[in-house]
Amino acid sequence: MAMGDVDLEQQEPFPVEREEQKQDSQARDDLPDGRRKLGYCEKFQQSISRWMLPEDSRSTYLQRANCCPPPIFIIIISVVELCMFIYYAVWKPQKQWVTLDEGIWNSRLTYRAEYRQEAWRFLSYMFVHAGVEHIVGNLFMQLLLGIPLELVHKGFEVGMVYMAGVLAGSLASSIFDPLSALVGASGGVYALIGGYFMNAVVNFREMIPLLGVFRILVIVLIVGVDFGFAFYRRFAGDEGGMKVSFVAHFAGIVAGMTVGYVFFSDYNKKLLKDPRFWMCIVAYLVFFLFAVIFNIFISPAPS
């Protein structure tokens, strides 16, 4: 080898390389067993897994977990609902920021029994809300539960449960409270609550036992307060001469405790091989067909 030639392997690392090696060494030295330090995203994912999954599913989740893609479904739905509320509040200025009146009751998105032949209303009612406390409560709950659920179960499962609750809410309202109007995303929100609640109860001993009771009590408290407002709006309130149905709350939570529980409890398992999945699907389809027949032939509401 010529004197001018230098063995590349024996060269000193560049300053940047030396700094990187030093940082890596320090990171390894920070942990007693030499493992890599967890980043903020990984720590967040660990917390999510402890809150949302039983112990035997956490390692699989953490191997697959990442923050990309973000929980896009629940964020998009929330943004659209907030934009629609602002639109109707500004477009029809009355005492709107507290209670919206004609702006939403005359909307083509609101579910009203006399317009039930306009089938999109059975879903579109989730985009309009009756007032500030209505929109804030729904957004708070669906973001609080929806983002962690979507990080674990991804957008398809969360979207299916959410929309199942929305549709169940309007169909149940058309049967059990056919003369009332329906606004708000409570059906979808309660579907998420119902699914998470059942998952927390069934996996109570495995999903952070010390906080298990606290989580369940918080859910019960929030549901109780919201049901109280819903009953008030239905039986004591007068929203622009219209009565707002509360049945969607019940239907949404039932959908969550059935369909939602199956989706959220079968992490990393094949749903098509789970008999509970098919039982829920069949029960939901039977309910759907009965509601369609009821609205066409039996409903006392004017058409």
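Biologist: What is the relative accessible area of Phe250?
Modeller: This is a predicted model, where local features need pLDDT of at least 70, side-chain atom pairs count only at pLDDT 80 or more, and totals for chains, interfaces and linings use all residues. Residues are numbered from 1 along each chain as its sequence is written, and side-chain values use heavy atoms, without hydrogens and water. Buried means under 20% relative accessible area, exposed over 50%, and partly exposed in between, with a 1.4 Å probe and protein chains only. Phe250 counts as partly exposed, because its relative accessible area is 38%.

Biologist: How many residues of helix 10 are buried?
Modeller: Helix 10 covers residues 247-265. The helix is mostly covered, and of its 19 residues the buried ones number 15.

Biologist: How many aromatic pairs are there?
Modeller: Rings of Phe, Tyr and Trp (its six-membered ring) pair if their centres lie within 6.5 Å; planes under 30 degrees apart are stacked, over 60 edge-to-face, the rest tilted. By this rule the aromatic pairs number eight.

Biologist: Why is the pair of Tyr87 and Tyr88 edge-to-face?
Modeller: The ring centres of Tyr87 and Tyr88 are 5.1 Å apart. The pair is edge-to-face because the planes of Tyr87 and Tyr88 lie at 75°.

Conventions:
Helices (H or I, at least four residues) and strands (E, at least two) are DSSP runs, numbered from the N terminus. The expected span of a helix is 1.5 Å times one less than its number of residues.
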